[in-house]
Amino acid sequence: TSAHLTIDPHFTVGAIDRRVFGGFVEHLGRHVYDGIYEPGHATADEEGFRRDVIELVKELGVSTIRYPGGNFVSGFRWEDSVGPREERPRRLDLAWHSTETNEIGLHEFSSWLEKVGSELMLAVNLGTRGTLEALDLLEYTNIAGGTSLSQRRIDNGRTDAFGVKMWCLGNEMDGPWQLGHRSADDYGKIASQTAKAMRQLDPSIQLVACGSSSAHMPTFGEWERVVLTHTYDDVDYISCHAYYEEKNGDLDSFLASAVDMDRFIETVVATADHVRAVVGSEKTIDISFDEWNVWYIDRYHGVDKIEGIDNWPVAPRLLEDVYSVADAVVFGSLMISLLKHADRVTSASLAQLVNVIAPIMTEPGGPAWRQTTFFPFALTSRLAKGSALELKLESPTYETEAYGVVPQVDAVATHDAETGEAAVFLVNRNRTEPITVTIDVSGLGAVQVRSADTLADDDVYAKNTLADPERVGMQVNHSASLAVGTLTIELPPVSWTAVSLG
Ligand code: AHR
């Protein structure tokens, strides 16, 4: 079986915004406590942050990090998380049925971000709070001094403003599980009011309105239309969230999850552009795909759930999915989907980063290691530079129960006009057959293959675990060869591949 694609650097989709390689840290389970922060750990620094985790986050190459939730933010009082630690209240976290100690808050997290070299993206609570509290937080973070709240920040040890640029107006407000869940109309109104007020305080910020929690919500499509009708002039982005999992042993459909992501993105773009026409605006709304991943949600609803009026644990083990090769292949293909839409997806956050549906795992007092999903993220973040290119892709197809007939191979290429470097990312969804792909790279001029690495395994369910943390990794793909403008490479069954050219 074979597939063919043509790379032409003239056919750009759009410039790749580094924010597409964002992450997400929620106060959830062992993400913050016993994840990034473990004061007693052998690698802990002077602030109690695990150095081994810091190194892995740097290696992953994460741009902007969304914080502090997620569902958590809809019950969060930001004031709890600043000021002297011994005075910070312990609070019930209703979203995850846990206790939040507030030991780590805005200041500490921001210091951790400096260590990992990422930018802060904050979400305000529009579930149980409103415009005033959002304004207070913005004053605290972005006003240099001379007011009560900016002075409070200075008194709390931070002289310079945090200067937070990107703000989410609540989280998943379309979801019935969300504290303060609203109708599209009600949410659209409060989002518009809050956005206007926040911009009055700081016109330089960028704002994200909540889109749908998935393309399969009953309100999908109409939610975006109504919310954007209220907020079109006030925001810069509409969010998308999507999680995929293998259901009922249907690996064929699972491997094609990115087809759903493609359709999701294209539908939201169409809806946003429809509203643009209706409101008569010149402006374009982009997508902030600020939660995406493989997540075995069904498992969470089954065994993980914490219950009981007297049972509110601190940092319980929650959502600790252990990812397989197949999961990582789907994950890599989701990154391909994001890049294919680089013209409109200009921000994205991998949900999440450490321990909680995460590429990085830790054991208290023990090691930190890379899950299978770590590799496609790290390689894509490192190699995808410049612009995403439109490919002419010819691929055999297969039939899936969930998405109909889909291509077996999917791919995206990127090209950096300044350096001449290019990269191609490919997925083979065929469960049994390798596929040879020929790629016409003559448009790139005299390039060489710098590297070609593939993630695949005879056991598609192989995983990295505490007992065997390096079971799965990237392998050099020795089949890659380039002659007279044609790159040929064999993609093993169920695999994800990154090729660097330059
Ligand atoms: O990432 C886990 C949860 O998924 C987030 O808290 C929520 O926004 C989404 O439903």
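Trainee: Among contacts between residues at least 6 apart in sequence, what share join residues at least 24 apart?

Mentor: In this protein chain, which is a predicted model, 78% of the contacts between residues at least 6 apart in sequence join residues that are at least 24 apart.

Trainee: And how many helices and strands are there in the chain?

Mentor: The protein chain has eleven helices, together with 26 strands. Its radius of gyration is 22 Å, close to the 23 Å that the globule rule gives for 502 residues, so the chain is as compact as a globular protein of that length.

Trainee: What does the C-alpha trace span along its principal axes, and how much of the chain counts as buried?

Mentor: The C-alpha trace spans about 70 × 60 × 45 Å along those axes, and 51% of the 502 residues count as buried.

Trainee: OK, domains next: what does the domain assignment give?

Mentor: The assignment gives domain 1, covering 17-383, and domain 2, covering 389-501. Their C-alpha centres lie 29 Å apart, and the contact between them takes 34 residues from domain 1 and 35 residues from domain 2.

Trainee: Which elements supply the side of domain 1 that touches domain 2?

Mentor: At least two residues each come from helix H7 (251-255), helix H8 (257-279), H10, strand E14 (368-370) and helix H11 (374-383). Of these, H10 gives the most to that side, with ten residues. By residue type, the side of domain 1 that touches domain 2 divides into 20 nonpolar, eight polar and six charged residues.

Trainee: Switching to the inside, how many residues does the largest nonpolar core have?

Mentor: That core has 154 residues, and those with the most contacts inside it are Ile-7, Trp-167, Leu-169, Val-329, Ile-360, Ala-411 and Ala-423. Helix H10 (residues 325-340) contributes the largest share of the core, eleven residues, while domain 1 and domain 2 each provide at least three residues.

Trainee: Last topic: which residues surround the ligand?

Mentor: The ligand is surrounded by Glu-26, Gly-69, Gly-70, Asn-71, Asn-171, Glu-172, Ser-213, Glu-291, Ala-351 and Gln-352. This shell divides into one nonpolar residue, six polar residues and three charged residues.

Technical notes
Residues are numbered from 1 along each chain as its sequence is written. This is a predicted model: local features need pLDDT of at least 70, side-chain atom pairs count only at pLDDT 80 or more; totals for chains, interfaces and linings use all residues. A nonpolar core is a set of buried Ala, Val, Leu, Ile, Met, Phe, Trp, Tyr and Cys residues joined through C-beta atoms within 7 Å. A residue is buried if 20 or more other C-beta atoms lie within 10 Å of its own, exposed if 12 or fewer, and partly exposed in between; C-beta atoms are placed from the backbone. Helices (H or I, at least four residues) and strands (E, at least two) are DSSP runs, numbered from the N terminus. Domain bounds come from an automatic or database domain assignment. A residue is near a molecule or strand if its C-beta atom, placed from the backbone, lies within 6 Å of it. Ala, Val, Leu, Ile, Met, Phe, Trp, Tyr, Cys and Pro count as nonpolar, Asp, Glu, Lys and Arg as charged, and the others, Gly among them, as polar. Two residues are in contact if their C-beta atoms, placed from the backbone, lie within 7 Å. The radius of gyration is taken over C-alpha atoms; the globule rule is 2.2 Å times the number of residues to the power 0.38.
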